[in-house]
Amino acid sequence: MRLSGRITTAAGAALAVLGTLLVSGSTAAGAAPAPKPRVQDAFDSLGPDVKAAKLSDGRTAHYIDEGRRGGTPVLYIGGTGTSVRAAHMTDFFRSTRESFGIRLISVERNGFGDTEYDPSLGKADFAKDALEVLDRLGVKKVSVIAISGGGPYAAELAARAPGRIKALHLAAALPPYGKKAAYCALSDDALADAVKDSIADPRSWWAFPDDSAVKSIPGFADTAYEEGARTYNQRGQKSDPAPQVHEQRLYCERPGPDLSKLKAPVHLYGGDKDTTVPPASLDTWRAALPVTPVVRTYADSGHDVQYRHWDQILVDLAGQGDRTVVCHSDRTKLMAPKRADRLVSAGNATLGSCAWQK
């Protein structure tokens, strides 16, 4: 069969069918046509804008403010060695957050990201800065979610302004109470030497075990690496370990702040496999709190519990803590806890969004 000048009838018919399939977007019988291309009318978000505010003492605070202005304000306090944009790492459930009307606010800590390092500042200064930013935004009462090394700062804030805390949520959060960590006995030089390599390589700083649930989140690892690079290099500080050493020194301070005036409800979240902030830390928090907390522990999680169960945390932040997030019959549902427990125990449901099962 010569194809240089003409084609056979059969070959021509086949090519005609192929051309129809390409034009229609169908590649198999019964397939739906591709959606009609269009140019959108609004931009998609690339994550939160970092804003700057001059504080009353002349310093500059950097913060984000994401979500509907009339929504439920939530202050996000990230873990140690994170910039203000660490909240962006929870955007894998952005649609859920927006559907609950949560307004996510975060204030950057001393020496990280855009914020200049001042070795004279402590946890109480962060609490003061956060409250001043909230005042600027017109937020009187706020729910607080603290992650990992954000725990001591959340405690400081709750002690300083207990009446402004609507609810306190602590996820794998380090308590500023109880026994000090072993590294507290190291000199500053020795501590700097211990952390310098990991903060210079965000892939090392943000390494999660191979079995971590975060591995199933598209783009999570690269977002974490970008966050690590921003935290330690944004101002050209070239992974200077000084702010990190300073922050870890603050974690060694005892006694922790007095929480006796806190009346707001508290939620604690812990992973049974957590070796960074081990399960015993929940008891340490219980002993320091004047209220009986709601405690959620998860056998499937380690120090990634704040991400693996961010869906439940969002539900709790929205004031619907009397419901449990489960995947049942391939659909994500909010259920009464007893029913959810029965289904999960019977193997007919799993905790959290069905996204984790895909």
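# Notebook on a predicted model

**Entry 1: A pair far apart in sequence**

I looked up Arg 235 and found that it forms a salt bridge with Glu 116, the closest N and O atoms being 3.6 Å apart. Arg 235 sits in the loop between helix 7 (220–233) and helix 8, and Glu 116 in the loop between strand 4 (102–107) and helix 3, so the pair ties together parts that are 119 residues apart in sequence. I note the rule for a salt bridge: a side-chain nitrogen of Lys or Arg lies within 4 Å of a carboxyl oxygen of Asp or Glu.

I record that this is a predicted model, in which local features need pLDDT of at least 70 and side-chain atom pairs count only at pLDDT 80 or more, while totals for chains, interfaces and linings use all residues. Residues are numbered from 1 along each chain as its sequence is written, and side-chain values use heavy atoms, with hydrogens and water left out.

Arg 235 counts as partly exposed at 28% relative accessibility, and Glu 116 counts as exposed at 56%. I then found a network: Asp 57, Arg 59, Lys 128, Asp 129, Glu 132 and Arg 136 are joined by salt bridges that share partners.

**Entry 2: Arg 97 and its partners**

Side chains of opposite charge can pair when their charged atoms come close. I counted 27 salt bridges by the rule above. One of them joins the side chains of Arg 97 and Glu 66 (3.9 Å, N to O). This pair links distant parts of the chain, for Arg 97 is in helix 2 (residues 94–99) and Glu 66 in strand 2 (residues 60–66), 31 residues apart. I also found a salt bridge between Asp 91 and Arg 97, with the closest N and O atoms 3.0 Å apart. Arg 97 is buried, at 2% relative accessibility. Glu 66 is buried too, with a relative accessible area of 16%, and Asp 91 is buried with a value of 16%.

**Entry 3: The whole chain**

I counted 12 helices and 11 strands in the protein. Helices (H or I, at least four residues) and strands (E, at least two) are DSSP runs, numbered from the N terminus. The C-alpha trace spans about 90 × 50 × 40 Å along its principal axes. Of the 358 residues, 47% count as buried.

**Entry 4: Helix 4**

Why do I call helix 4 (residues 151–160) largely enclosed? Eight of its 10 residues are buried, so the rest of the structure largely encloses it. Among these buried residues are Gly 151, Tyr 153 and Glu 156. What covers them includes strand 3 (72–77), strand 5 (142–147) and helix 9 (280–288). Contact, in these entries, means heavy atoms within 4.5 Å.

I traced an open sheet of three strands in the order 10-9-11, with antiparallel pairing. Its edge strands, each pairing on one side only, are strand 10 (331–335) and strand 11 (349–351). The twist from one strand to the next averages 35 degrees. Two strands pair if DSSP finds at least two bridges between them. Strand 9 (residues 324–328) and strand 11 pair over three bridges, and the bridge partner of Val 326 in strand 11 is Leu 351. Helix 12 (residues 337–345) packs on the sheet and touches strand 9, strand 10 and strand 11; its direction makes about 40 degrees with that of strand 9. Axes are lines fitted to C-alpha atoms, for helices over the stretch in contact, and angles run from 0 to 180 degrees between N-to-C directions.

I searched a 1 Å grid over the protein atoms alone: a cavity is a set of points where a 1.4 Å probe fits but cannot get out, a pocket is an open set with protein on both sides within 12 Å along at least five of seven lines, and lining residues have an atom within 4 Å of a point. Grid points are joined across faces, edges and corners, and a volume is the space filled by probe spheres set on the points.

The largest pocket holds about 1100 Å³ of space. Its lining has 48 residues, and those nearest its centre are Ser 148, Asp 274, Thr 276, Val 277 and His 303.

I found three cavities of 30 Å³ or more. The largest cavity holds about 80 Å³. It is lined by 15 residues, and those closest to its centre include Ala 172, Tyr 269 and Leu 282. Which element gives the largest share of that lining? Strand 7 does, with four residues.

Notes: Buried means under 20% relative accessible area, exposed over 50%, partly exposed in between (1.4 Å probe, protein chains only).
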